[in-house]
Amino acid sequence: MNVHFRRLLLTGLTLLAAPWAQASEGTALRGTTQLSLGGAAALLDTAVAKARAEGTHPCIAVTDANGYLLAFKRMDGAAPGCIEAAIKKANSAAINDVDTVVFYDLARQKNLQLGSIPGILPAVAGVVIRQQGQAVGALGVAGGASDDQEQRMATELARAFEKTLPVSHP
């Protein structure tokens, strides 16, 4: 199934489920499949605090599971180039349901031209956010002190945030 059709189908299903979903500003999720604006804002606030504590000034992007931007911050002192990079990292992780470091490692190890494929960004620090194994959003960090620092920060933030998500019961 191509990505565009899958995205359209998922959007349609989400719209059909909307009347039954609890979508208040105070919850981290819209229904059970998408990160909410409130959840994205909470994650972004935590990310900014962590960056300040580490003495870095990155750009930070949070998307829903479809790769659409929910929240973004460019910290004071951040490089202009990190704006698009953070957004594209989160988008690539979300639409492919794969942390971007996987593409980065594949491209480096096998000399693959993955970056030429639309929607795939072989870079560090694009991390999928999951609730019980299902993608609900993604986080992208760009402009950190190093690739290692960006990847560690994004992974730690995503894993800590996942622990705050409600456990759904069948």
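Which helix is the place of Val 102? Select residues 100-110: that's helix α4, and Val 102 sits in it. (Helices are DSSP runs of H or I with at least four residues, strands are runs of E with at least two, and both are numbered from the N terminus.)

Before going on, note that this is a predicted model, where local features need pLDDT of at least 70, side-chain atom pairs count only at pLDDT 80 or more, and totals for chains, interfaces and linings use all residues. Residues are numbered from 1 along each chain as its sequence is written, and side-chain values use heavy atoms, leaving out hydrogens and water.

Stay on Val 102: it counts as partly exposed because its relative accessibility is 40% (buried is under 20%, exposed over 50%, partly exposed in between, with a 1.4 Å probe and protein chains only).

Now jump to the sheet. Four strands make up an open, antiparallel sheet in the order β4-β3-β6-β5 (strands pair if DSSP finds at least two bridges between them). Colour β4 (69-74) and β5 (126-131) to see the edges, each pairing on one side only. From one strand to the next, the twist averages 15°.

Zoom in on β3 (residues 59-64) and β6 (residues 134-142), antiparallel and joined by six bridges. Pick Ala 61 and you'll find Gly 140 of β6 opposite.

Next, show helix α2 (residues 37-54), which packs on the sheet, touches β3, β4, β5 and β6, and makes about 20° with the direction of β4. Contact here means heavy atoms within 4.5 Å; axes are lines fitted to C-alpha atoms, for helices over the stretch in contact, with angles from 0 to 180 degrees between N-to-C directions.

Last stop: helix α5 (residues 147-162), lying across β5 and β6 at about 10° to β5.
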